[in-house]
Amino acid sequence: MSTLGDDELSLILNRINDSNDRNSFSLVCKRWLRVEGQTRLSIRVIEPDSLHNFLPRFPNLRSFESTRFLSNAHLQFVAKTCPKIQIFNVNLKETRQVFDEFSNLSDSDDVGDEGFCAIANGCPNLRKVSLRRRKSAGNVGVISIVNKSAQSLTNLDLGRCSLISDQALAAIGTLRTIRVLNLDSCSLITDQGLAFLANGHCSKSLKKLVLTECDRVTDFGVSLLKQMSCLEDLNLAECGPKVTDVGGTSIASMKTLERLNFSWLINVTDVTLIAIAKNCTRLAAIDLTGCELITGAGIRAFCHHECLESLVLTSCYNICSDDLETLLTCQSLKCIVLDKGLKIWMPLDLQENISRFCQLNWR
């Protein structure tokens with residue numbers, strides 16, 4: 001075995017996919033430990049305070065993940081040690097109790113723009129980035145990541161990063177490679193931010209956009225989204241009462257849409273649904289939870305839709321049994337989700353008939 005060089009050992013190790021087997025490989029001797037570290041491409045960090053002890057073993061990492069609390073110093077060390085990182089996921093997934101404790105920490109204890117700027121400068125080829133739930137992630141850090149990885153960034157998740165505003169969207173709008181953008185609960189975003197996206201280069205590349213709970217946007221900003229030429233998945237759930245049929249009918253002109261979430265848009269009516277059913281011929285799924293103005297007239301518009309597979313009607317109380325029965329003529333339909341409170345008044349024979357035709361779920 002002494003005749004095997006590092007390259008040969010690396011070739012052997014590349015054929016070992018099981019993490020336990022790789023760990024066993026690394027325990028053979030110091031040399032095998034070193035080779036295993038040099039060929040490791042991904043890591044999930046559970047104890048950030050131990051980074052200095054183990055991270056130098058893995059200089060060629062492509063993927064870094066940690067769901068734990070991090071500091072700016074932690075990320076500065078990561079950026080310096082692992083410059084080849086392409087997937088950077090620090091989505092915070094702690095328990096609610098720990099999260100409440102974390103909320104009392106000072107800004108100096110919470111990873112923020114200083115740490116994210118270090119990642120941007122040290123790892124300039126990022127492809128997928130998730131800063132989800134990092135309360136101190138602000139415009140400066142995001143803009144730095146966007147600018148430094150402008151030629152490679154395809155996925156960006158800023159969900160529940162409450163400091164993100166239109167300033168960050170101005171930079172994101174310049175990206176030519178971005179495909180997935182999650183702005184869930186970024187409540188500072190306004191119509192101006194949507195304008196940056198709709199009028200920027202990203203309008204020609206973005207396929208999925210999540211704007212859940214961005215409740216400062218209005219019909220004006222939503223209407224601009226029709227300029228996105230290849231958008232397939234749009235989530236406008238809980239964007240507030242200022243999104244009405246004006247914005248809804250504009251969205252209906254987007255023929256590339258395949259998935260649409262209008263949950264709790266209380267001022268969207270059948271007018272929007274009829275337009276969507278007519279124009280969005282590729283639509284496979286639509287969620288209308290809580291759209292209280294929707295009636296049977298809007299639902300019946302989908303009777304002969306050729307692609308619709310999933311229809312969610314939870315908390316929609318202006319729909320009757322006859323309306324649901326007409327949906328059985330939609331041959332592509334695979335799943336209907338209804339409010340469980342409606343189960344008691346729906347005739348059992350209709351429930352059985354729908355269940356024979358497609359999956360019937362109660363929520």
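Colleague: Why does Phe-88 count as buried?

Modeller: Its relative accessibility is 1%. Buried means under 20% relative accessible area, with a 1.4 Å probe and protein chains only; over 50% is exposed, and in between is partly exposed. So Phe-88 counts as buried. Phe-64, at 0%, counts as buried too. This is a predicted model: local features need pLDDT of at least 70, side-chain atom pairs count only at pLDDT 80 or more, and totals for chains, interfaces and linings use all residues. Residues are numbered from 1 along each chain as its sequence is written, and side-chain values use heavy atoms, leaving out hydrogens and water.

Colleague: What makes the pair of Phe-64 and Phe-88 stacked?

Modeller: The whole structure holds one aromatic pair. Its ring centres, in Phe-64 and Phe-88, are 5.9 Å apart, and the planes meet at 15°. Rings of Phe, Tyr and Trp (its six-membered ring) pair if their centres lie within 6.5 Å; planes under 30 degrees apart are stacked, over 60 edge-to-face, the rest tilted. So this pair is stacked.

Colleague: Which residues line the largest cavity?

Modeller: Leu-313, Cys-316, Ile-319, Leu-324, Leu-338, Leu-342 and Trp-345. On a 1 Å grid over the protein atoms alone, a cavity is a set of points where a 1.4 Å probe fits but cannot get out; lining residues have an atom within 4 Å of a point.

How values were computed:
1 Å grid on protein atoms, 1.4 Å probe; cavity = no way out; pocket = protein on both sides within 12 Å on 5 of 7 lines; lining within 4 Å.
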